[in-house]
Amino acid sequence: SNVQTHIKSINFGYKSALMKEGVKYINAKGTIQRKGVVKARFADGSERELKADHILLAVGGRPKLVDIPGGREHCITSDDIFSMKEEPGSCLV
């Protein structure tokens, strides 16, 4: 959809701008070990200790429905809204 394409282009723009400024982009799950040290776990299961004077953690996030009565029947996530074929009308955030 146009919205998903737009979001991907924004993300690409952020990544490109950071790399232009000399920021090394590493796509991994990380755990802060101590000052200036992050343990990175990559998709293939390998791990590596990364050291730097400055570390930027872009944690991201995925929407998740809460487990409450009516939550599954009456709630949608932001991902759901962006993938709808028609506008939902009004919504409460």
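**Exercise 1.** Find which element gives the most to the lining of the largest pocket.

*Solution.* Helix H1 gives the most, with five residues; helices (H or I, at least four residues) and strands (E, at least two) are DSSP runs, numbered from the N terminus. On a 1 Å grid over the protein atoms alone, a pocket is an open set of points where a 1.4 Å probe fits, with protein on both sides within 12 Å along at least five of seven lines, and lining residues have an atom within 4 Å of a point. H1 spans 2–20, and strands S1 (29–34), S2 (37–41) and S3 (47–51) also each supply at least two residues.

This is a predicted model: local features need pLDDT of at least 70, side-chain atom pairs count only at pLDDT 80 or more, and totals for chains, interfaces and linings use all residues. Residues are numbered from 1 along each chain as its sequence is written, and side-chain values use heavy atoms, without hydrogens and water.

**Exercise 2.** Trace the salt bridges that join Arg34, Glu49 and Lys51.

*Solution.* Step one: a salt bridge is a side-chain nitrogen of Lys or Arg within 4 Å of a carboxyl oxygen of Asp or Glu. Step two: arginine 34 pairs with glutamate 49 at 3.8 Å, N to O. Arginine 34 is in strand S1 and glutamate 49 in strand S3, so the bridge ties together parts 15 residues apart in sequence. Step three: lysine 51 also meets glutamate 49, at 3.9 Å, N to O. Through shared partners, Arg34, Glu49 and Lys51 form one network.

**Exercise 3.** Classify lysine 51 and glutamate 49 as buried, partly exposed or exposed.

*Solution.* Buried means under 20% relative accessible area, exposed over 50%, partly exposed in between (1.4 Å probe, protein chains only). Lysine 51, at 62%, is exposed. Glutamate 49, at 42%, is partly exposed.
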